[in-house]
Amino acid sequence: MTPPDIGLMLFTAAFGLVGIGALGIVMANHLVRIVLSIVLLETGANLLLMLSGYRAGAVAPIIVDGVVPASMVDPVPQALVLTAIVIGVAVQAFMMTLVLRLYTVYGTLDIRELRTHLERDLAKAAGVPLPGSADAPLDVPATVMRKGGS
Amino acid sequence: MRNYLSLLFLAGLAFLLFVIAGQFEFGMAPMLVGSAINQASPEQVGAANIVTSVVLGYRAIDTLGELAILFAAATAGGLVLGHAGTSARHDPDAGFILRAAADVLFPLLLMVGLFIIVHGHLTPGGGFQGGVILAAAFFLPLLARPGTRFPHGSFAIVEGIAGAAFIVTGLLALLTGGEFLQPLLGQGEMGGLLSAGTLPLLYIAVGLKVGTELAGLMAHIAEYEALDP
């Protein structure tokens, strides 16, 4: 049995994480699941960045006891990922504060319910009627309908 | 319908990414700047950890920008959630195991965090990683005893001083005729604790800033949850 191609495996993992994250953002209806999907997508992107800097047989870019290794991996993606992880955590914490706030105001985290709530509140705040589709039936009271149709 | 379209889009995206990734061989990074930095960094910056010389030397302005993002996220979090009043409801204290573990772990986490920050230019680690450990150290007592008041004011002062120190270090380099955030103070002996010029000082500022900001943000969330009946 041949050993598995480690590069292919790692790239598949990175693309898989990005894919699962992207799919979760589009398909999930729960806000916390969307936040978690963004976390997964970030992880995949970070893994992809790390992989892009790998050199075969190279060691970490750290000089031990003044001996410069013959081959070191690219330090630039590592520096990028190092900051990206911490910034990611901070932004995730901020996303969770927004989710918390939404939950205390509307009591739900389902984006379909939240959309109706938000549209109603935005329309009320702006003083305009609720936006409706041009193809939707006119909002006529049921009694009027019955009289006219007789 | 929307789900099928998303799946179709995802398949296309994955195919595109695999085709791009297949263009170059794994383990043969096509970037040239990394090799150049690996070659030049020991003489130019003098930090044993070359990642540190990239983060705080070659792209220090980017790091400053990332600190700004961190600051914006922490400030916006505090703005959205607001301050808890003095008479705010809070959860009861945690069990004995968590309280005892928090007392034991607080000094340990503080020490490990500071060690990682101070040795950022020598070993894997640095201000960002150590700062997160510091944040965990300050957040842990709040988990064990939700009733304790989190000192938001003093944390904000430390955070402001750390951020100002980072910028002032950069401006000092500008005043002495160098570029903004260029390392000063000579390189010292490679591998020593006092080496690589101002990079350890910058990393201490970064670590304090990251630690206080993340701890403050998490404390805001924890206090808000306690407010929720």
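**View 1. Val26(A) in helix 1 of chain A.** In this predicted model, in which local features need pLDDT of at least 70, side-chain atom pairs count only at pLDDT 80 or more, and totals for chains, interfaces and linings use all residues, Val26(A) belongs to helix 1 (residues 6-27) of chain A. Helices (H or I, at least four residues) and strands (E, at least two) are DSSP runs, numbered from the N terminus. Residues are numbered from 1 along each chain as its sequence is written, while chains are lettered from A and ligands numbered from 1 in the order in which they are written. Val26(A) counts as partly exposed because it has 16 C-beta neighbours inside 10 Å. A residue is buried if 20 or more other C-beta atoms lie within 10 Å of its own, exposed if 12 or fewer, and partly exposed in between, with C-beta atoms placed from the backbone. Ser37(A) is 11 residues from Val26(A) along the chain, and their C-alpha atoms are 9.3 Å apart.

**View 2. The fold of chain A.** Chain A contains 5 helices and 0 strands, giving the pattern α-α-α-α-α along the sequence. Of its 150 residues, 23% are buried. Among contacts in chain A with a separation of 6 or more, 46% join residues 24 or more positions apart; two residues are in contact if their C-beta atoms, placed from the backbone, lie within 7 Å.

**View 3. The contact between chains A and B.** Chain A gives 41 residues to this contact and chain B gives 48 residues. On the side of chain A that touches chain B, the elements giving two or more residues are helix 1 and helix 3 (75-106) of chain A. Helix 3 of chain A supplies the largest share, 19 residues. By class, this side of chain A has 28 nonpolar, 9 polar and 4 charged residues. Ala, Val, Leu, Ile, Met, Phe, Trp, Tyr, Cys and Pro count as nonpolar, Asp, Glu, Lys and Arg as charged, and the others, Gly among them, as polar.

View 4. Leaving out residues up to four places away in sequence, Ala90(A) touches Leu70(B), Ala73(B), Ala74(B), Leu214(B) and Leu217(B).
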